[in-house]
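Please consider the protein shown here with its sequence.

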Amino acid sequence: MGESAQKFSVRHYGRAFTSLIKIIRAVPPEPVLTQFPDDASPGLDIGEIDEARFPLWIELGAYPDGYPAAAIEIGDTGTINWNIPDDVWRNLAPALYILRLVDANGREVRNKVVHNKQ
């Protein structure tokens, strides 16, 4: 299947683009961990987002592609900050998690990688 995918990519995107993608995939990016106090659950800043992008969805997942994830809708523009509920954060398994803010059209607005060390 890998050889078939390579042929497809070269045919439809060209050798240069295919080679570039291969190089990019070979060096995965280092996750940037956001520091926050140990006694607080992490959150996202929702302020200063255009009203047209509402409703927003906050997703919490363990995988970069966002699936599977838990989600909550933020329907009003009055919410400035949102934090993971403390009882949810305390009961999550120790791991890296991705907190993602997505607009009404499914486009990512911002994200944060957080580490639950409990």
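The model is predicted, so local features need pLDDT of at least 70 and side-chain atom pairs count only at pLDDT 80 or more, while totals for chains, interfaces and linings use all residues. Residues are numbered from 1 along each chain as its sequence is written, and side-chain values use heavy atoms, with hydrogens and water left out.

Q: In what order do the elements of the protein run from the N terminus on?
A: Helices (H or I, at least four residues) and strands (E, at least two) are DSSP runs, numbered from the N terminus. The protein has three helices and six strands. From the N terminus on, the order is α-α-β-β-β-β-α-β-β.

Q: Which term describes how H1 and H2 lie to each other?
A: Two packed helices are described by the angle between their axes and the distance between the axes. Axes are lines fitted to C-alpha atoms, for helices over the stretch in contact, and angles run from 0 to 180 degrees between N-to-C directions. The axes of helix H1 (residues 2-13) and helix H2 (residues 15-26) come within 7 Å and cross at roughly 130°. Angles under 35 degrees count as roughly parallel, over 145 as roughly antiparallel, 65 to 115 as roughly perpendicular and the rest as oblique, and H1 and H2 are therefore oblique.

Q: How many nonpolar, polar and charged residues does the contact of H1 with H2 have?
A: Contact means heavy atoms within 4.5 Å. On H1 the contact is made by Gln6, Ser9, Val10 and Tyr13, and on H2 by Arg15, Phe17 and Thr18. Ala, Val, Leu, Ile, Met, Phe, Trp, Tyr, Cys and Pro count as nonpolar, Asp, Glu, Lys and Arg as charged, and the others, Gly among them, as polar. By class, the contact has three nonpolar, three polar and one charged residues.

Q: Which strands are the edge strands of the open sheet of four strands?
A: Two strands pair if DSSP finds at least two bridges between them. The open sheet has the order E3-E2-E5-E6, with antiparallel pairing. An edge strand here pairs on one side only, and the edge strands are E3 (69-74) and E6 (108-116).

Q: Which residue of E6 is the bridge partner of Leu99?
A: Strand E5 (residues 95-102) pairs with strand E2 (residues 56-61) over five bridges in the antiparallel sense, and with E6 over eight bridges, also antiparallel. In E6, the bridge partner of Leu99 is Lys112.

Q: How many of the eight residues of E5 are buried?
A: Buried means under 20% relative accessible area, exposed over 50% and partly exposed in between (1.4 Å probe, protein chains only). Of the 118 residues of the protein, 25% count as buried. E5 is largely enclosed by the rest of the structure, because its buried residues number six.

Q: Which residues do ring pairs link into a cluster?
A: Rings of Phe, Tyr and Trp (its six-membered ring) pair if their centres lie within 6.5 Å; planes under 30 degrees apart count as stacked, over 60 as edge-to-face and the rest as tilted. By this rule there are three aromatic pairs. Phe8 and Tyr13 form an edge-to-face pair, 6.5 Å centre to centre with 70° between the planes. The cluster linked by ring pairs consists of Phe8, Tyr13 and Phe17.

Q: Are Trp89 and Tyr97 buried or exposed?
A: The ring centres of Trp89 and Tyr97 are 6.2 Å apart and the planes stand at 65°, so the pair is edge-to-face. For comparison, Phe8 is partly exposed at 45% relative accessible area, and Tyr13 is exposed at 52%. Trp89 and Tyr97 are both buried.

Q: How far apart in space are Ala93 and Lys117, C-alpha to C-alpha?
A: Ala93 lies in the loop between helix H3 (86-91) and E5. Ala93 and Lys117 are 24 residues apart in sequence. Their distance in space, C-alpha to C-alpha, is 8.3 Å.
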